[in-house]
Amino acid sequence: MGVDLDRLSFAIDGAPILRDVSASLPTGTVTGLLGPNGAGKSTLLRLIAGIDTADAGSVTLDGVTIGSLSRRDAARRIALLEQNAAPSVELTVLEVVLLGRIPHRTKLMGSFSGHEDHAVAFDALAAVGAGALVDRSWHTLSGGQQQRVQIARAMAQQPSLLLLDEPTNHLDVSAQLSLLGQVRDLGVTAIMALHDLNLASAYCDHILLLDGGMLVASGTPAEVLTPEVIGNVYGVECFILKHPRGGHPVIVYSAAS
Amino acid sequence: MTRARYLGWLVAAAIALILVCGMAVTIGPAAVSLAQVAGSIGAHLGLATEPVPLLIDSIVWQLRLPRVLTAALVGVGLALSGAVMQSVTRNPLADPYLLGLSSGASVGAVCAVILGIGFVLPAAAFTGALLALVATLSIAKVGGTITPVRAVLAGLAIAQLAGALTSFIIFWAAKGDSYREILNWLLGSVAGATWTSVAIAVTAVTVVGTGILVSATRLDAFAFGDTSAASLGINVNRTRWALLGAVALLTGSMVAVSGSIGFVGLILPHLVRGISGPGHRRLLPLVAVCGALFLVIADTLARTVFDPRELPVGIITAFIGVPVFILLIKRKKSHLWA
């Protein structure tokens, strides 16, 4: 059980974006999706979410093929947080979180029901430590608070898989650490695209490393994050230390000479 | 806002609408009392009411009531159209008038009039609105995305083209008295409203309006954009085109009965959002009632301010709408419009 990616390939206008990506991620694990800009991280997340359809291959979640589900059924199982999303209208935090209940409403009369959804929304906000923000306007929140509320929105979907596209973008260090800690504490299977190798090492059970649309390494942080692999993919020299408390790898880059 | 307070607003607006409609029927060159209005309506609905003089009855039933009802229904249609367009295009400036739909509908309608096939006028107006919508969005779409500014610019171009086409057709084919009539109609007017107009408007508003109300949740899902809507289980393209098609149908019907009236679809959703919040389950019912209220008042002004001359109501909505629009641009929240 968990997430199985089977030989996923995807091209846009004939240009391959992803080629033959296969991986198996057990339930409850947090996976970091790494790779240079343009490696195909966001595209892979969209394929896993079922928003785009792979040209070849399939995604299976707990034994169910995502491609065979309706958009709504997929949204009940998988929540995706895209990068830097902002609303086009003034929304309160509660209104944002309640959006996550949309896939659970009935199709025809859904517009006239769903008042019991408030309880789910409050629980989701509490789970990310944002309960106090419930009446605030979205536009008055800090970047870290906005991301927390977005995660609460995703959790209100009650997904079995949470996908996050660079959730720590534009956040300060303390907001980055607390956000990723929060994701771990949710206990839900999560896959997140990250740029920071050290954050991935500290917060992920498993790493998928993409380069040019191919999966070049897969394994625990200690297995994937080696000087050779990092050198090959990112073209930088680095040393690997051991974190004094967690024991996970810490990457120290040597300045370009 | 609590549910009770929102319902309070909705009920208050609905009561105001009924009162304003009743008052509007009493206003005009011939003095008619509210009791006579009620009596005339009651008699036609087969209720046992106080008899009303024949002349008064025909003024109420044949002239003023169809006009007031048409104004109310067109207000509903335009306000709903504006609210839906603003949400599915994520563009606070979207409105059937600004994106060229009304002008496109006018071309279709004028063609139908000139060709003497007036009975297909609603269908012709709808076709014109749909073509204008497709043209505007195709022009505005660059690299898969449509920005608000490009959509407005494209709408401007299409509206100009449609306006030129309409003028050309009129110049080429219209004769004598029809000029003034057509001008009245291009500027937007419900002066010629009959029970047929009411029937067209009520059908369009009921059928399309119900479809839009049922889609309130789907409209909410567009708040954070297409990817977010898709991740909330929405078939983004299918939903967007179905809703925009519905708006084209609604706008086409409204133009068929009233010509192109601007600013109702643009400003009403912004004003009402300030009360109801952006959630469509609350926004749509309230914006529908307020749109009706607004247009009935505007039309009453249009036929009384320069009495005995009458203005096309489109001029009044512009005189009210433009200052309101300027205030909306100047206020703090317009950072959302960048």
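Because the model is predicted, local features need pLDDT of at least 70 and side-chain atom pairs count only at pLDDT 80 or more, while totals for chains, interfaces and linings use all residues. Residues are numbered from 1 along each chain as its sequence is written, and chains are lettered from A and ligands numbered from 1 in the order in which they are written.

Begin by selecting strand E1 (residues 2–12) and strand E2 (residues 15–26) of chain A, which pair in the antiparallel sense over 8 bridges. Strands here (E, at least two residues) and helices (H or I, at least four) are DSSP runs numbered from the N terminus, and two strands pair if DSSP finds at least two bridges between them. In the hairpin of these strands, with 2 residues between them, Asp13(A) takes a positive phi near 50°.

Next, colour the open sheet of 6 strands in chain A, whose order is E6-E7-E8-E3-E9-E10 and whose pairing is mixed. Its edge strands, each pairing on one side only, are E6 (78–81) and E10 (214–219). Within chain A, strand E3 (residues 30–34) and strand E9 (residues 206–211) pair in the parallel sense over 4 bridges, and Leu33(A) stands opposite Leu208(A) in E9(A).

Then show both chains: the contact takes 27 residues from chain B and 23 residues from chain A, where two residues are in contact if their C-beta atoms, placed from the backbone, lie within 7 Å. On the side of chain B that touches chain A, the elements that give two or more residues are helix H8 (195–214), helix H9 (216–220) and helix H10 (226–231) of chain B, and the largest share, 4 residues, comes from H10(B).

Finally, stay in chain B and select helix H2 (residues 34–44) and helix H3 (residues 54–88), whose axes come within 9 Å and cross at roughly 75°. Axes are lines fitted to C-alpha atoms, for helices over the stretch in contact, and angles run from 0 to 180 degrees between N-to-C directions. H2(B) and H3(B) are therefore roughly perpendicular to each other, a term used for angles of 65 to 115 degrees. Their contact is made by residues including Val37(B) and Ser40(B) of H2(B) and Val60(B) and Trp61(B) of H3(B).

Notes. Angles under 35 degrees count as roughly parallel, over 145 as roughly antiparallel, 65 to 115 as roughly perpendicular and the rest as oblique.
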